[in-house]
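Hi,

Here is the structure I promised to pass on. Have a look at it first, then read my notes below.

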Amino acid sequence: MTTIDESAGAKRWLPLEANPDVMNQFLWGLGLPLDEAECCDVYGLDEELLEMVPKPVLAVLFLYPITAQSEAERIQQESIETDPSSKVYFMKQTVGNACGTIGLLHAVGNITSEIKLTGGSFFDRFFKSTANMDPLERARFLENDREMEDAHSVAATGGDTEATENVDTHFICFTCVDGKLFELDGRKSGPISHGASSPGSLLQDAAKVIQGMIEKNPGSLNFNVIAISKRA
């Protein structure tokens, strides 16, 4: 939830809280049916705690602190690790503090074959409208979408903590597409492949990558993991 577009006058939203209840109301209101999927807390990354997460898991959101090391790694990945897979729904981030919403859009955009969106809903219209756009075109489309901006604002002020623009954390999404685990971060130039995965192992595979990121920032406790699980 940090600024990606540093230019003067860049649009900024209030950050979305890492709160499954807030995210569920947000998703359900935009066209993800309540009986299709929901956000759930992931209380820890060891196997026993991962087993407590409702299955199947469709996507994983990870909130982490922006540090000098994470920024250096992001810049390094720009040139060597992005995967231009056309089957991955990916968009850039041009609105400050919009990473929570973009993480959710990345999640939903890559599971439209697994869930049934409400016909005519915001999500239904958004993904149909942006299907053939490139990542930056999708970002600009979102930036100019007043309906999403209003929905985000309602969600951002509905959490347990007071919303403020001054944050130093960032949301990313992990999803499985065509047998690969992808990290989707609107601040990077494209999807990052973390190797083989499957719908059944998505949570465990994402947890390994997340654990590695946490271990690189031993001085911080500002992490949060949320799974989007299909409802039975």
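In strand 6, I226 is the bridge partner of L61. That pair belongs to a set of 6 bridges joining strand 2 (residues 57-65) to strand 6, and the two strands run antiparallel. Before I go on: this is a predicted model, where local features need pLDDT of at least 70 and side-chain atom pairs count only at pLDDT 80 or more, while totals for chains, interfaces and linings use all residues. Residues are numbered from 1 along each chain as its sequence is written, and side-chain values use heavy atoms, with hydrogens and water left out.

A few words on terms, since you'll need them. Helices (H or I, at least four residues) and strands (E, at least two) are DSSP runs, numbered from the N terminus. Two strands pair if DSSP finds at least two bridges between them. Buried means under 20% relative accessible area, exposed means over 50%, and partly exposed is in between (1.4 Å probe, protein chains only).

Back to strand 6. Strand 1 pairs with strand 6 too, in the antiparallel sense, over 5 bridges. C40 has its bridge partner in strand 6 at A227. Strand 6 itself (residues 224-230) is mostly covered, with 5 of its 7 residues buried.

Now find L34, in the loop between helix 1 (20-30) and strand 1 (37-41). How far apart are the C-alpha atoms of L34 and K230? They are separated by 10.0 Å, although the two residues are 196 residues apart along the chain. L34 has 48% relative accessibility, so it counts as partly exposed.

Next, strand 4. Strand 3 (residues 169-177) is joined to strand 4 by 5 bridges, and they run antiparallel. The two form a hairpin with 2 residues between them. V177 has K180 as its bridge partner in strand 4. On another side of the pairing, K180 stands opposite A196 in strand 5; strand 4 and strand 5 (residues 192-196) are joined by 3 bridges and run antiparallel. Is strand 4 enclosed or open? 4 of the 5 residues of strand 4 (residues 180-184) are buried, so the strand is largely enclosed by the rest of the structure.

D178, in the loop between strand 3 and strand 4, has a phi near 50 degrees, which is a positive value in a residue other than glycine. N97 also has a positive phi, near 70 degrees, and is found in the loop between helix 3 (68-80) and helix 4 (99-109). Which of these is buried and which is exposed? N97 is buried, with a relative accessible area of 0%, whereas D178 is exposed at 57%. Then there is P56, in the loop between helix 2 and strand 2: the peptide bond from K55 to P56 is cis, with omega near -5 degrees.

Last, the surface. D46, E47, E48 and E51 form a negative surface patch (for charges, a patch has like charges joined within 9 Å, in residues with over 30% relative accessible area and no salt bridge; a salt bridge is a side-chain nitrogen of Lys or Arg within 4 Å of a carboxyl oxygen of Asp or Glu). Asp and Glu count as negative. One of the four, E48, lies in helix 2 (residues 47-50) and is exposed, with a relative accessible area of 65%.

Cheers

Notes. Patches are made of residues with over 30% relative accessible area and no salt bridge: like charges are joined within 9 Å, nonpolar side chains (Val, Leu, Ile, Met, Phe, Trp, Tyr) within 5 Å. Accessible areas come from the Shrake-Rupley method with a 1.4 Å probe; for residues, only the protein chains shown count as cover. The place of a charge is taken as NZ of Lys, CZ of Arg, CG of Asp or CD of Glu.
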